[in-house]
Amino acid sequence: MSDHILDFWNSQARKFGTDHAASWGDHHAIALEIEIIGRYIKAGDDILDIGCANGYSALHHLDKGVKSITGIDFSASMIEQANVNLTACGKDIPAQFMMGDVRHIKLPDNSFDVVYTTRTLINLPTWAEQQQGIDECLRVCKPGGTVVLCEAFWEPLVLLNSLRALKQLPPLVEHDFNRYIKQDRLAAFLDAKGLDFENHDFTSIYYLGSRFLRELVTNPADYPGYSNPVNTAFYELEKQYSGGGFGIQQCYVIRKP
């Protein structure tokens, strides 16, 4: 992992502690991620959250009656905050957080019913390393289990920027610690392995509102961070409708044979 990427996430953990903003300031997008991943988690499951950050999202799944949740992250500062979050939940919580790297997961084969990533693979600087990470996710998943890749993708970014260009808005860009995944490349990779998978475009309406229409109907400078009320309006709409290819955050669900 490039040092500047690790340095960034360590600094986020130190700055925001146990708050959701350690992972991302966009609390509506995080809520959508938690909901879509939660659809594939059921009572009695052993869960692995790869790139768990400070545990904010993972701990939301405890109410599903899971057998266990294990979270790993390559940032020591994030794991420190995850354990603070865990302690705050009280005693006898079936969860644990530890250091780990998606490219080399130090856990046994076939250990978890559901394995998921949330904006984790995009922190790897090359497609080769991203493929390595996906292979590791599949390795530790039980046969018949589910791997959920909740990541950011290149094609929706291009589509959104094409729309923004029509209204002379500046393009959205990847952060210097991100490498968005190309959807066609991922589909070809999974097809070559003979894997069954489906894609959920679960943020398109939200992105259309919060990354395009918002700038046409309000002055974003009046609303710091992600506080613009247009974001909230389109978050609520997203819970009823989605699709259209504008959602940079998308969810690939893979069934392990």
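1. About 540 Å³ of space lies in the largest pocket of this predicted model, a pocket being an open set of points on a 1 Å grid over the protein atoms alone, with protein on both sides within 12 Å along at least five of seven lines, and its lining residues having an atom within 4 Å of a point. Of the 27 residues that line the largest pocket, W24, H175, Y180, R211 and Y226 are the closest to its centre. Helices α1 (3–16), α5 (154–166) and α7 (204–217) each give two or more residues to this lining, helices being DSSP runs of H or I with at least four residues and strands being runs of E with at least two. The most comes from α7, with 5 residues. By class, the lining of the largest pocket divides into 14 nonpolar, 8 polar and 5 charged residues.

2. On conventions, residues are numbered from 1 along each chain as its sequence is written. Since the model is predicted, local features need pLDDT of at least 70 and side-chain atom pairs count only at pLDDT 80 or more, whereas totals for chains, interfaces and linings use all residues; side-chain values use heavy atoms, with hydrogens and water left out.

3. The second largest pocket has a volume of about 200 Å³, and α2 (27–38) and α8 (229–238) are the elements that give two or more residues to its lining. The largest share, 4 residues, comes from α2. The lining of the second largest pocket holds 5 nonpolar, 2 polar and 5 charged residues, with E35, R39, D201, E238 and K239 among the residues that line it.

4. A search of the whole structure finds 1 cavity of 30 Å³ or more, a cavity being a set of grid points where a 1.4 Å probe fits but cannot get out. The largest cavity has a volume of about 340 Å³ and is lined by 26 residues, of which G51, C52, A53, D73 and T120 lie nearest its centre. Strands β1 (46–50), β2 (68–73) and β4 (112–118) each supply at least two residues of that lining, which divides into 12 nonpolar, 9 polar and 5 charged residues.

5. E151, in strand β5 (residues 141–152), is buried yet has no salt bridge, the nearest side chain of opposite charge, R119, being 7.6 Å away; buried means under 20% relative accessible area, exposed over 50%, and partly exposed in between, with a 1.4 Å probe. The side chain of E151 makes a polar contact of 2.6 Å with that of T117, such a contact being a pair of N or O atoms within 3.5 Å, and also reaches the backbone nitrogen of L121 at 3.0 Å. K256, in the segment after β7 (249–255), is likewise buried without a salt bridge, with D109 at 7.2 Å as the nearest side chain of opposite charge; the backbone oxygen of R139 lies 3.4 Å from a polar atom of the K256 side chain.

6. The whole structure contains 14 salt bridges, each a side-chain nitrogen of Lys or Arg within 4 Å of a carboxyl oxygen of Asp or Glu. One of them joins E129 and R103 at 2.7 Å, N to O; E129 lies in helix α4 (residues 127–140) and R103 in the loop between β3 (95–99) and β4, so the pair ties together parts that are 26 residues apart in sequence. Both E129 and R103 are buried.

7. The side chains of E215 and R164 meet in a salt bridge of 2.6 Å, N to O; because E215 lies in helix α7 and R164 in helix α5, this pair ties together parts that are 51 residues apart in sequence. E215 is partly exposed, with a relative accessible area of 23%, whereas R164 is buried at 3%. Salt bridges that share partners also join D46, D113 and K142 into one network.

Conventions:
Points joined across faces, edges and corners; volume = space filled by probe spheres on them. Nonpolar A, V, L, I, M, F, W, Y, C, P; charged D, E, K, R; others polar. Lys, Arg positive; Asp, Glu negative; His and termini not counted. Polar contact = N/O pair within 3.5 Å; in protein donor to acceptor, adjacent residues only side chain to side chain.
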